[in-house]
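Dear colleague,

I am passing on the structure below, together with some notes on what turned up in it.

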Amino acid sequence: MGEDLRQSQKMEAVGQLTGGIAHDFNNLLTGIVGSLDLMQTRMRQGRTENLQRYIETAMASANRAAALTHRLLAFARRQPLDPKPTDVNALIGGMSDLLRRTTSEAIELRVLSEPALWPTLCDPHQLENAILNLVINARDAMPNGGVLTIATTNGRHEAKDPDLRNLGLTSEYVCISVSDTGTGMPPEVVARAFDPFFTTKPLGQGTGLGLSMIYGFARQSEGQAHIESVVGRGTTVTIRLPRNAASHVEVAPATEIGELPRG
Ligand code: ADP
């Protein structure tokens with residue numbers, strides 16, 4: 001509880017400090033201006049051989065800068081959540097094209113869906129964003145390929161105290177996990193991974209906002225986010241979201257629905 005409070009307070013404080021990222025943005029701009037400058041000099045000298053390369057470098061930096069401001073704005077704006085009863089399996093199914101395009105051919109994408117998954121109560125757009133961020137992180141952790149598994153399950157947490165149990169204090173939730181067989185994270189990275197702006201990625205490639213946004217989304221949805229990771233073996237990030245209490249269905253064991261076909 002104390003840890004959650006500490007994390008929430010940090011998120012609050014950092015929400016007002018998002019301008020700090022201007023430093024990264026400025027470095028990207030410096031790269032763009034540098035490329036344009038070189039192009040100008042070469043053109044004046046009538047040397048046109050590497051112009052295409054300078055254009056590509058400038059474009060890549062401009063695209064990274066645009067992605068950075070986009071994510072920064074989404075983080076700063078912190079749109080109010082719009083929770084709805086959500087069928088998470090259908091939501092993941094609807095993302096299959098996007099997910100295939102996001103990962104490389106060397107990555108085997110698997111979806112293990114709990115067939116009788118409970119509906120959950122969450123903002124579906126934020127959940128899509130969260131899953132996409134997790135898939136991007138998993139992809140980045142497997143530069144030489146591997147297996148990326150998205151799994152859904154139903155979960156139940158019973159109060160240990162029998163009196164509380166008799167009072168019906170049992171929480172039911174839907175788990176969405178994204179696992180990879182990638183680099184894994186040492187414990188000191190796991191400890192900081194949910195911190196806003198914490199990144200181990202090279203400049204322009206990581207904002208350090210993905211996992212902190214996921215943490216914020218899970219907590220605001222009255223759920224949880226959790227990381228398990230072993231260096232050299234891989235990582236699983238699990239989001240737990242509350243069951244939508246209005247609709248109850250029977251639980252069946254999880255089965256594999258197979259690998260997503262590549263387009
Ligand atoms: P970013 O991806 O922009 O760096 P995140 O908040 O999503 O920001 O992640 C923070 C850091 O956590 C990453 O830079 C990386 O070091 C680590 N990380 C996140 N996901 C994974 C993963 N699946 N495998 C290994 N490391 C990861």
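Which residue just after H9 takes a positive phi? It is Glu222, with a phi of about 65°. Please bear in mind throughout that this is a predicted model.

On confidence, the mean pLDDT of the protein is 83, and 78% of its residues reach 70 or more. The stretch to treat with caution is residues 248–263, over which the pLDDT is below 50, although in the model this stretch has 25 contacts beyond near neighbours in sequence. For the complex, the predictor gives an ipTM of 0.99 and a pTM of 0.71.

Turning to the ligand, 22 residues surround it, and the closest are Asn137, Ala141, Thr199, Gly206 and Gly210. Two or more residues of this shell come from each of helix H6 (124–140) and helix H9 (210–220).

As background, an α-helix has 3.6 residues a turn, so residues three or four places apart point the same way. H9 is mostly covered, with nine of its eleven residues buried; these run from Gly210, Leu211, Ser212 and Met213 through Ile214, Tyr215 and Gly216 to Phe217 and Ala218.

Strand S6 (residues 224–230) pairs with strand S7 (residues 234–242) in the antiparallel sense, over seven bridges, and Val230 has Gly234 in S7 as its bridge partner. Three residues lie between the strands of this hairpin, where Gly232 takes a positive phi near 85°.

Finally, a word on Val147, which is found in strand S4 (residues 146–158). Is Val147 buried or partly exposed? Val147 counts as partly exposed, because it has 16 C-beta neighbours inside 10 Å, whereas a buried residue needs 20 or more. Leaving aside residues up to four places away in sequence, Val147 touches Glu108, Arg110 and Thr181. Val147 and Met95 are 52 residues apart in sequence, and their C-alpha atoms are 18 Å apart in space.

With best wishes

Key:
Residues are numbered from 1 along each chain as its sequence is written. This is a predicted model: local features need pLDDT of at least 70, side-chain atom pairs count only at pLDDT 80 or more; totals for chains, interfaces and linings use all residues. A residue is near a molecule or strand if its C-beta atom, placed from the backbone, lies within 6 Å of it. Helices (H or I, at least four residues) and strands (E, at least two) are DSSP runs, numbered from the N terminus. pLDDT is the predictor's confidence in each residue, from 0 to 100. Two residues are in contact if their C-beta atoms, placed from the backbone, lie within 7 Å. A residue is buried if 20 or more other C-beta atoms lie within 10 Å of its own, exposed if 12 or fewer, and partly exposed in between; C-beta atoms are placed from the backbone. Two strands pair if DSSP finds at least two bridges between them.
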